[in-house]
Amino acid sequence: MPSSISLHSVSAIAYGFRYRAPLKHTCLLYAHQLHSSHRQKSPLFSSSFCRVLNPSFVTGNSLFSRMEQFWSGSAVNRNKGMTEQLRRYGVIKSQKVTEIMETVDRGLFVPEGTPAYVDSPMSIGYNATISAPHMHAMCLELLEDRLQPGMHALDVGSGTGYLTACFALMVGPQGRVVGVEHIPELVAWSIKNVEKSAAAPLLKEGSLSLHVGDGRKGWPEHAPYDAIHVGAAAADVPQDLIDQLKPGGRMVIPVGTFFQDLKVIDKKLDGSISVRSETSVRYVPLTSREAQIKGTD
């Protein structure tokens with residue numbers, strides 16, 4: 001990554017920061033998080049690579065800490081405030097995405113005691129993270145047309161279940177949403193999280209399900225999928241996921257090792273594939289359960 005970038009202006013967004021770079025895209029930056037000795041790989045919302053803020057600048061008694069107090073009141077109000085900020089700065093454009101992110105309280109899906117509404121990825125244990133709110137918003141925006149009522153969606157690396165719950169509310173009870181996560185403890189936790197959320201009735205009725213499995217192989221039982229989201233970076237796009245994508249469907253997946261791009265993969269009605277890069281990102285690797293636990297790629 002470049003050692004520096006020319007920045008024209010700085011303004012606060014959510015509890016993170018919005019940098020206006022000399023390019024057409026906005027760049028959201030946030031602090032590094034540490035889980036044991038493993039440094040979390042934070043996604044970068046930018047059309048070019050941007051430096052992550054020095055943690056000493058945004059922790060302790062700094063502006064970052066003080067901004068954790070920015071919204072007062074209930075978790076519902078803080079969640080709504082986070083969503084409004086993301087919309088104000090153009091990360092969220094869709095009214096439907098706004099409604100879904102206001103309805104699904106992010107605070108139910110992060111470890112207790114962590115600042116749920118900070119625009120930053122957070123460790124959830126097992127060398128895994130929950131993505132920053134702006135990345136969730138971006139993925140919901142990219143997949144919205146394939147998350148219409150009655151459609152099928154697959155969430156690979158479903159983690160604590162946040163985005164899976166959002167998908168389920170978008171496709172509704174006539175649709176089908178499957179979350180696949182290879183850490184059993186995270187699956188158990190995600191089920192408890194969803195049970196406390198607005199998506200609980202869909203879990204109970206069976207239109208939303210969360211499973212232990214190798215997400216690289218997808219979940220053939222409910223394929224093909226109109227929308228596939230992958231929450232970790234693949235060295236190459238898994239063929240099983242392409243095969244399980246419905247003609248007319250879309251997959252959003254980070255691809256790469258050190259240098260990563262968020263790829264938007266569309267399967268045309270004739271079965272042909274088109275791929276474009278949406279932005280440069282930094283995700284944890286899509287790997288085996290054993291490699292993830294060890295913290296290796």
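Asp266 is buried, at a relative accessible area of 15% (buried is under 20% relative accessible area, exposed over 50%, and partly exposed in between, using a 1.4 Å probe and protein chains only). The model is a predicted one, where local features need pLDDT of at least 70 and side-chain atom pairs count only at pLDDT 80 or more, while totals for chains, interfaces and linings use all residues. Residues are numbered from 1 along each chain as its sequence is written, and side-chain values rest on heavy atoms, with hydrogens and water left out.

So what does Asp266 pair up with? Its side chain meets that of Arg250 in a salt bridge, at 2.6 Å from N to O (a salt bridge being a side-chain nitrogen of Lys or Arg within 4 Å of a carboxyl oxygen of Asp or Glu). This pair links distant parts of the chain, with Arg250 in strand β12 and Asp266 in strand β13 (residues 260-267), 16 residues apart. Strands here are DSSP runs of E with at least two residues, helices are runs of H or I with at least four, and both are numbered from the N terminus. Arg250 is buried too, at 13% relative accessibility.

Across the whole structure, the search turns up 5 salt bridges. Another of them brings together Lys246 and Asp226, at 3.6 Å from N to O. Lys246 sits in strand β12 (residues 245-256) and Asp226 in strand β11 (residues 225-230), so this pair ties together parts that are 20 residues apart in sequence. Asp226 is buried, with a relative accessible area of 10%, whereas Lys246 is partly exposed at 34%.

Then there is the bridge between Glu278 and Arg276, at 2.4 Å from N to O. Glu278 is partly exposed at 22% relative accessibility, and Arg276 is partly exposed at 37%. Back at Asp266, salt bridges with shared partners join it with Arg250 and Arg146 into one network.

Now for the rings. The count comes to 2 aromatic pairs (rings of Phe, Tyr and Trp, the last by its six-membered ring, pair if their centres lie within 6.5 Å; planes under 30 degrees apart are stacked, over 60 edge-to-face, and the rest tilted). Phe109 and Tyr162 pair edge-to-face, 5.6 Å centre to centre with 80° between the planes. Phe109 lies in the loop between α4 (95-103) and β6 (122-125), and Tyr162 in helix α6 (residues 162-171), 53 residues apart. Phe109 is buried at 0%, and Tyr162 is buried at 2%. Phe258 and Phe259 also pair edge-to-face, at 5.0 Å and 85°; Phe258 is partly exposed at 42% relative accessibility.
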